[in-house]
Amino acid sequence: MPLFKRIALRRGFNIIGVLLTMALLGGCVPHQPGGEIHHYTVGTALAPPAQQVFIRSLASSPRTLDPSLSTDVMGFNVLTDLFEGLTQFNAQGQVVPGVASHWTVSKNGLRWTFFLRPDARWNNGAPVTAQDFAYAWQREVSPDTAAQYADSLSMIVNASAIINDTLPTSALGVHALGAHTLQVDLVHPTPYLTAALANTYFDPLYPPTVRRWGLAWTQPPHLISDGAFYLASEVVNGRLILLKNPWFWNAGAVRLREEIDYPIKNAASKLDRYLADDLDFADDPAFPPSDIDWLRHALGSQVHVAPYYGTAYLGMLVHEQPFANRDLRLALSMALERNVLDDKLGRGLFLPAYSLMPPLAGYTQQLPAWARWPRAQRLAEARRLYAAAGYGPGHELRARLLYPTQGSAARHYVEAVTLMWKENLGADVHLWNEQWKVMLQDIQYKNARLYWSAWIGNYLDPVTFMHQFQVGYPMNYGDFSYAPFQKLLQAAQSSNDNAQRYRYFEQAERVLGAQMPFIPLYFYTADNLVKPYVTGWHSNLLDVHPAQYIAILQHTVH
């Protein structure tokens, strides 16, 4: 048991004292890097081609480089540079044409026709065709592929029936009308379709290499891609090297000749590498939260902290005890003092969350009434609900909370959560940690009843958050199936009026807040470090930074 927890037990669980002790003894003091802080003189002209090498970090190794199977942010970051879909995200995170130069939509919104660029090429020189997209999407929804994002294609005619193995993949409502025209038929209007298409699970695939190499097709040199870069080498759980794809349709506008990605899990290690000039870009989280003040003073504009379209929360199996009890779930959420957690541990880099949806233009977040109550009133109601659920002195809640091994900051946060539950309710929740990939497997196989989770929006629409609680969605890990929510979600997905869709989603979020199938913790910020000689990099809500827009300026270090 850590020293600060033993101290907390002797002091009667004064939570402020606990958090201050954690800051002093638990590694939350500012990190002290070795070496000096470098300064740069940056010109306006591009560096010579030989210096156009962009070195970045990844929070961990991608689980896979198969666009049909990838589900993690790290994989998305790499695949965005390797592949290009019908649409793509630009440097500002906006959706722009990709392989499709333009498209048309029928009056009822149910038929989309995409016109592909004749000069789009795979990195072996072969043309990218409409058949390549049809093949990839059929593979995505095939039960044999078992893709977790398969349901994200459910707006396409017959996709759900194929996923449920009642129709063959050939029945999918996507048809190649020649080599460069793709017709897509939808079950219901999908105003956000162009944004969804920029995600990796809609990317095309080169059928010959997938068929020939099977599971090994993602290994260099087998991996054939159509993006601005191709995969030159990969070390298992180590460095990835991407080289400029000379066959990319817009290769003339790509300035970088090479991208090097280093998986670095520990934020303090990442910061050390950045300060040593081993990295041009340190991805989120680029540094421990405790370092934010001195970094802003030492590095100035190299520190980028911006809103990020993501929510951290605790997931639960809502149809298994003890979390099948709605009163218990709500009590646990109300007992958390988020402002204290985010101020003392997040150093202002987390935004306290009381609901699912992060801030989004045009959408009104649905905060529960208790989020505005005075502390005493909120805790009194939490204790009442805890007792109504059958818990109290002599019959405390006993549970385990699964969280990922991601360094001291993550551990301190979940420890503080369990201490708040102990102090405010008397609940006895123990911690259990695993490596990220192992933890995801345990959550998928229902081996954890209470677990740390997070959701990063794939595109700027509420549906990307809401559908994780939809019946039948593979990543509805908690098995939430409350009928009123499902009805509102269906209504939102059937509307072609964006304003009306948002109102349905707002009603659905209110239902989630009342049923509490998850415990919201905080909304993310994207915390990055970027060298001043890197141009074409922009903060944006999705925290996407395609390398095809990035270049290195002439600079000197002193």
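This is a predicted model: local features need pLDDT of at least 70, side-chain atom pairs count only at pLDDT 80 or more; totals for chains, interfaces and linings use all residues.
Let's start inside. The largest nonpolar core has 152 residues. Which of them have the most contacts inside it? They are F114, W137, I156, L182, W421 and W452. Take L182. Leaving out residues up to four places away in sequence, L182 touches a list that includes L86, W112, F114, F133 and W137. Another core lies apart from the largest one. That one has 18 residues, among them I55, I260, L349 and L529.

Now the rings. A search of the whole structure finds 29 aromatic pairs. Here is one: F54 and F281. Why is this pair called stacked? The ring planes stand at 10°, and planes under 30 degrees apart count as stacked. The ring centres are 6.2 Å apart. Look at where they sit. F54 is in strand β2, and F281 is in strand β12. F54 is buried, at 1% relative accessible area. F281 is buried too, also at 1%.

Next pair: F350 and Y413. This one is edge-to-face, with 80° between the planes and 6.1 Å centre to centre. F350 sits in the loop between α11 and β14, while Y413 belongs to helix α13. They are 63 residues apart. F350 is buried at 16%, and Y413 is buried at 4%.

Some rings group up. Y313, F469, F480, Y482, F485 and F518 form one aromatic cluster.

Last, charges over rings. R117 lies over the face of W249, 3.7 Å from the ring centre. R400 lies over the face of W432, at 3.9 Å.

Conventions
Residues are numbered from 1 along each chain as its sequence is written. Side-chain values use heavy atoms; hydrogens and water are left out. A nonpolar core is a set of buried Ala, Val, Leu, Ile, Met, Phe, Trp, Tyr and Cys residues joined through side-chain atoms within 4.5 Å. Buried means under 20% relative accessible area, exposed over 50%, partly exposed in between (1.4 Å probe, protein chains only). Contact means heavy atoms within 4.5 Å. Rings of Phe, Tyr and Trp (its six-membered ring) pair if their centres lie within 6.5 Å; planes under 30 degrees apart count as stacked, over 60 as edge-to-face and the rest as tilted. Helices (H or I, at least four residues) and strands (E, at least two) are DSSP runs, numbered from the N terminus. A charge sits over a ring if NZ of Lys or CZ of Arg is within 6 Å of the ring centre and within 35 degrees of the ring normal.
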